[in-house]
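Subject: Structure handover

Hello,

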Amino acid sequence: MYSITVSGIDFEANNRCAIRVAYENKTTDKTLNFMIRSVKGDDLDLNGVMFTDVTAGKKANEVLYLRGTRNYTMQDFGDLKLTFEVEDIADRVARRDQPDVVHIYPHGENSGIRFERAPGENDRVLLDNDTLKVTMISAGYNELGNYSMDFYVENPGDSAVRFLMEKTSVNGYMTDAGCIEGINAHERMFASIKWRKSELEKNQISKVETAEFTLKVEPADYFTTEVLFEQIFTVGVE
């Protein structure tokens with residue numbers, strides 16, 4: 001019904017990575033939606049998503065751009081794993097049970113390169129059990145006056161889970177901020193709680209002194225009410 005080809009990968013000067021993808025719809029009567037559902041770099045979630053519709057008998061060339069962060073550069077990864085889903089837009093219920101997975105080895109398949117985050121001097125481990133490890137790695141303002149608390153999250157278990165950072169407050173004032181993420185077994189990700197400058201100003205907060213949130217971990221299945229972990233954390237910050 002279709003083909004997917006990764007036709008090239010370029011590392012650009014501004015720490016941006018461009019992955020060129022070619023799609024072909026081989027059907028004669030269907031419009032197909034091609035979606036990159038996720039991009040992992042050595043099992044680290046890189047937040048890559050791309051959607052493209054291709055009509056019957058047509059082809060399309062697209063470019064997925066990924067940018068490095070202060071936590072990693074795009075050159076740090078030995079294995080980029082792209083997960084694709086393809087569906088007939090007229091019959092979305094009939095999607096395949098198994099997605100298509102493509103591995104790209106930017107430095108060669110046997111390079112030995114694998115991203116590992118080095119522990120930081122300000123790391124604070126909030127949770128470390130068989131289900132999830134959550135480490136607070138930094139907190140502070142950005143150039144726009146927004147405030148964020150940043151976390152490194154690892155799933156050492158054999159099951160996907162969902163974690164929520166909710167019921168947040170700053171200096172005792174409830175705030176409109178939080179984080180909800182899913183993480184697969186044996187994968188890793190960076191996550192953040194972000195407070196907009198306007199949210200802080202609304203509560204007359206000129207300096208963040210303490211932040212509080214509830215950390216909850218649940219099975220990835222949305223149809224269960226089971227809670228694997230739940231605890232309130234109060235964090236003093238400078």
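Ground rules first. This is a predicted model, in which local features need pLDDT of at least 70 and side-chain atom pairs count only at pLDDT 80 or more, while totals for chains, interfaces and linings use all residues. Residues are numbered from 1 along each chain as its sequence is written, and side-chain values use heavy atoms, with hydrogens and water left out.

Overall build

The C-alpha atoms fill a box of roughly 60 × 40 × 35 Å along the principal axes. There are 238 residues, and 41% of them count as buried (under 20% relative accessible area; exposed is over 50%, partly exposed in between; 1.4 Å probe, protein chains only). Take the contacts in the chain with a separation of 6 or more: 62% of them come from residues 24 or more positions apart. Contact means heavy atoms within 4.5 Å.

Largest pocket

The largest pocket holds about 730 Å³ of space. Its lining has 29 residues, and T69, R70, D150, S192 and K194 are the closest to its centre. Five strands each supply at least two lining residues: β6 (59–67), β10 (133–141), β11 (147–154), β14 (179–183) and β15 (188–195). A pocket here is an open set of points on a 1 Å grid over the protein atoms alone, where a 1.4 Å probe fits, with protein on both sides within 12 Å along at least five of seven lines; lining residues have an atom within 4 Å of a point. The volume is the space filled by probe spheres set on the points, which are joined across faces, edges and corners.

Two residues

T135 is in strand β10. T135 is buried, at 4% relative accessible area. Beyond its neighbours within four places in sequence, T135 is in contact with D123, R124, V125, D150, F151 and Y152.

K216 is in strand β16 (residues 210–219). Why does K216 count as buried? Because its relative accessibility is 15%. Outside four places in sequence, K216 contacts R162, F163, L164, E166, V227, F229 and E230. K216 and V153 are 63 residues apart in sequence, and their C-alpha atoms are 13 Å apart in space.

Best regards

Definitions and conventions:
Helices (H or I, at least four residues) and strands (E, at least two) are DSSP runs, numbered from the N terminus.
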